[in-house]
Amino acid sequence: MIYHNMNEVRVRFAPSPTGPLHIGGVRTALYNYLFAKKNSGTFILRIEDTDQARFVEGAEEYIMEALEWCGIIVDEGIREGGNFGPYRQSDRKAIYRQYADTLIDKGDAYYAFDTPEKLETLRRESEKAGKTFIYNAEERVSLINSVSLKEAEWREKLDKGEPYVIRYKMPYNEDIHFDDIIRGQIVVNTGTLDDKVLFKSDGMPTYHLANIVDDHLMKISHVIRGEEWLPSLPLHILLYRSFGWDPPLFAHLPLLLKPDGKGKLSKRDGDKMGFPVFPLFWPYGETSKGYREDGYYPDAFINMLALLGWNPGTEQELFSMDELINSFSIDRVGKSGSRFDPEKAKWFNHQYLQTKTNTQIAIEFREFLRARGYHGDIIRLESLIGMVKERVSFVKDIWEQSDFFFKAPEIYDQEVVKKRWKEDSSRLLMELRTLLEEATDFSVSATEPVIKAWIEKNGYNTGEIMNAFRLVIVGALRGPHIFDIISWIGKDETLKRIDAGVALLSK
RNA sequence: GGUCCAUUCGUCUAGUGGUUAGGACGUCAGGUUUUCAUCCUGUUAACAGGGGUUCGAUUCCCCUAUGGACUACCA
């Protein structure tokens, strides 16, 4: 599909370093990345830090680290360099002023001297009157700016150093037609738009100016961004027109919604329902856990995120990054917001965990054990992983499936004791103990036939014995095949647990 | 309030002017496992409502409802 006359695809992810990157932001980055790679293009990371007041220490590093963890590789950016730098807007400060001036010279922008307080008052008054204050063609003539003032007057203000902003002079009553790749054609009348500030009194451009200038200068071919930008698209189209530049193509992505109730996904939802909303742990200020720390594999996380709002049109659900790149098409991104489903996220991780080798998982689990003061020989852990791997979705869940491998039961499930511990259980287990004690080979293939033969020969009840046996070994009716367990813990430990269990339960 | 965007099972979604409206997650039920979990099989459940257009609309158009975004010298 041909999108544009530009032959090179160049896209950018342009977050503001105001805190940890939300998973919605990660998805925007991902779609940009997939689109770039699919079309042999370039993926650019541009930091939009024009708001000095909202800058948060560490956020920029967080963004880069998060993308790296996700496997999203930046082609051009602060760390990577590139021919279109700098890639941080605060480092580009000197660039923007001339473009604002160009607009003033063309008559498409003007100086405005109204104080924020004054505007705030006007807005409040309008609201009280049930109207919306819009700084537009109708209002600007009665406000303080270079449109309403005589040239000598506003020049004098400028010369005296009065604070001012530069506003875009929104056309009076014009229908602006534009296209969005995802939503098709949209028409907006400029009468409902306001004269947006392009250049702030602190000498920095606003998002709108910096964004258009940078996208043009960086030769961005496609702007793929969140739906929250759709309302300002007409302004952006107008800016391109005023500058006489060809606009890029636009695609506005639907939002990520909260799992239940209304509204978009927020940190609170994650806290409330126990799932992360950020890719990585955020250590500053109000801390937040991340998908990485929760035990998600990056490829599972990315796979899950990719399918939230996009689908390949086939029934395939599991995709490596390369497969995603191969299958991705922006035409198949949906129009409506997607509710985030934490259950499905877990399912993805389960799928990915199953594809890891026992060795890989054993190495991860050994770290987990170390933090709890247990040692794990890697060979033994591999065999343990083989027994419990398919039961879990996360490495951290292995512990609750296997704690009894590492320590004898401290308590016995009372429900089970009541139901399964019979009069003769002690006697039977002591017989069983004798057989096991005599065993020279404690492997499953050696112990299991012996025990089963013994049960059959004596006409015992298999269920009664096996349940009682499991109770003294595990402490409850759960876990893998019982002969696998005793083989793993070994003869000494097995006999000890039988003794301890019988001693306690036969009272 | 205004502007714009959206609306298929509980959730993510496929899909077509005539289909038994498909898949996945979840739910539930069986089976496997003499345990639990996994796994397998099956089940469940949807075109927001109302008008048009049409021989026929879930599909095209309009209205309503609902949801969402935006409405800053924030991005």
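Trainee: How far is the Arg 123 side chain from a phosphate oxygen of RNA strand B?
Mentor: In this predicted model, an N or O atom of that side chain sits 3.2 Å from the phosphate oxygen.

Trainee: And which part of Arg 339 lies by a phosphate oxygen, backbone or side chain?
Mentor: Backbone. An N or O atom there is 2.9 Å from a phosphate oxygen of RNA strand B.

Trainee: What about Ser 201?
Mentor: Ser 201 goes to a base. A polar atom of its side chain is 2.7 Å from a base oxygen of RNA strand B.

Trainee: Which residues come nearest to the RNA strand B overall?
Mentor: There are 56 residues around RNA strand B, and Ser 16, Thr 132, Glu 317, Arg 391 and Thr 462 come nearest.

Trainee: Which elements supply them?
Mentor: Several give at least two residues each, including helix 4 (116-128), strand 6 (184-189), helix 12 (342-355) and helix 19 (462-474).

Trainee: Switching to packing. At what angle do helix 10 and helix 12 pack?
Mentor: About 135 degrees, with the axes 9 Å apart. That angle is why helix 10 counts as oblique to helix 12. The crossing is right-handed.

Trainee: Which residues make the contact?
Mentor: Helix 10 brings Asp 299, Ala 300, Asn 303 and Met 304. Helix 12 brings Ala 345, Phe 348, Asn 349 and Tyr 352. By class, five are nonpolar, two polar and one charged.

Note on methods: Residues are numbered from 1 along each chain as its sequence is written. Chains are lettered from A and ligands numbered from 1 in the order in which they are written. This is a predicted model: local features need pLDDT of at least 70, side-chain atom pairs count only at pLDDT 80 or more; totals for chains, interfaces and linings use all residues. Side-chain values use heavy atoms; hydrogens and water are left out. A residue is near a molecule or strand if one of its heavy atoms lies within 4 Å of it. A polar contact is a pair of N or O atoms within 3.5 Å; within protein, one must be able to donate a hydrogen and the other to accept it, and residues adjacent in sequence count only if both atoms are side-chain atoms. Helices (H or I, at least four residues) and strands (E, at least two) are DSSP runs, numbered from the N terminus. Axes are lines fitted to C-alpha atoms, for helices over the stretch in contact, and angles run from 0 to 180 degrees between N-to-C directions. Angles under 35 degrees count as roughly parallel, over 145 as roughly antiparallel, 65 to 115 as roughly perpendicular and the rest as oblique. A crossing is left-handed if the near helix is turned anticlockwise from the far one by less than a right angle, and right-handed if clockwise. Contact means heavy atoms within 4.5 Å. Ala, Val, Leu, Ile, Met, Phe, Trp, Tyr, Cys and Pro count as nonpolar, Asp, Glu, Lys and Arg as charged, and the others, Gly among them, as polar.
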